[in-house]
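Subject: Handing over the structure

Dear colleague,

Please find below the structure I promised to pass on to you.

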Amino acid sequence: MPNAAAEPLIDRFRDTIEELVGSDAGKNARFGVAVSGGPDSMALLWLTHSAFPGRALAATVDHGLRPEARREAEMVAAWCAGQGIDHDILTLDEPITGNIQSEARRARYAQLHRWCQEKAVDWLLTAHHANDQMETM
């Protein structure tokens, strides 16, 4: 359970999400969080789980591009297990070819879209920090 100092942040996050999705939808929605294991996505997962207990699920995509990626995904899975959060490690159907960043993004979102359908996830949340945005540019 979050400490009292975190409550205003959690309340603000919940209010913002409910404003975005509609308060009625927000009261029953299931939220999927794409989690890489980095601080931005781990913080988003923690906030979602804290704001919407029992309605946050997580998925980590292992693109198969880096040897340490599986260990990172397993670290996320272990953390989620300790918090009681449903977590899946998704792998790609085909190897990434061509423009690695562009194709990895396309494949990642295709896997996440299928996962959302399979898990009856209403909203997919992703986290990005300034360096992610610079890479996109």
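The mean pLDDT of the protein chain is 89, with 91% of its residues at 70 or more. Among the elements of the chain, strand S1 (residues 31-34) has the highest mean pLDDT, at 97, whereas helix H6 (residues 130-136) has the lowest, at 50. Over residues 133-137 the pLDDT stays under 50, and for this stretch the model has three contacts beyond four places in sequence. Where pLDDT is low, the predicted coordinates should not be read in detail.

The largest nonpolar core holds 21 residues, and the members that touch the most others are Phe 13, Ile 17, Val 35, Leu 45 and Leu 125. Two or more residues of this core come from each of helix H1 (7-21), S1, helix H3 (39-51) and H4, and H3 gives the most, with five residues. Leu 125 shows how parts of the chain meet: leaving aside residues up to four places away in sequence, Leu 125 touches Phe 13, Ile 17, Phe 31, Gly 32, Val 33, Ala 34, Leu 44 and Thr 48. In soluble globular proteins, nonpolar side chains tend to be buried together.

Val 21 lies in helix H1 and counts as buried because its relative accessible area is 17%, which is under the cut-off of 20%. Although Val 21 and Val 121 are 100 residues apart in sequence, their C-alpha atoms are 13 Å apart in space. Glu 74, by contrast, is found in helix H4 (residues 69-83) and is partly exposed, with a relative accessible area of 41%. Between Glu 74 and Asp 62 there are 12 residues in sequence and 9.9 Å in space, C-alpha to C-alpha.

Finally, there is the second largest pocket, in which about 160 Å³ of space lies. Its lining has five nonpolar, two polar and five charged residues, and among them are Leu 92, Pro 95, Ile 96, Thr 97, Glu 103, Arg 106, Gln 111 and Arg 114.

With best wishes

Conventions:
Residues numbered from 1 in each chain as written. Predicted model: local features only at pLDDT ≥ 70, side-chain atom pairs only at ≥ 80, totals over all residues. Heavy atoms only, no water. pLDDT = per-residue confidence, 0-100. Helix = DSSP H or I, 4+ residues; strand = E, 2+ residues; numbered from the N terminus. Contact = heavy atoms within 4.5 Å. 1 Å grid on protein atoms, 1.4 Å probe; cavity = no way out; pocket = protein on both sides within 12 Å on 5 of 7 lines; lining within 4 Å. Points joined across faces, edges and corners; volume = space filled by probe spheres on them. Nonpolar A, V, L, I, M, F, W, Y, C, P; charged D, E, K, R; others polar. Buried < 20%, exposed > 50% of the residue type's maximum accessible area, 1.4 Å probe, protein only. Core = buried A, V, L, I, M, F, W, Y, C linked by side-chain atoms within 4.5 Å.
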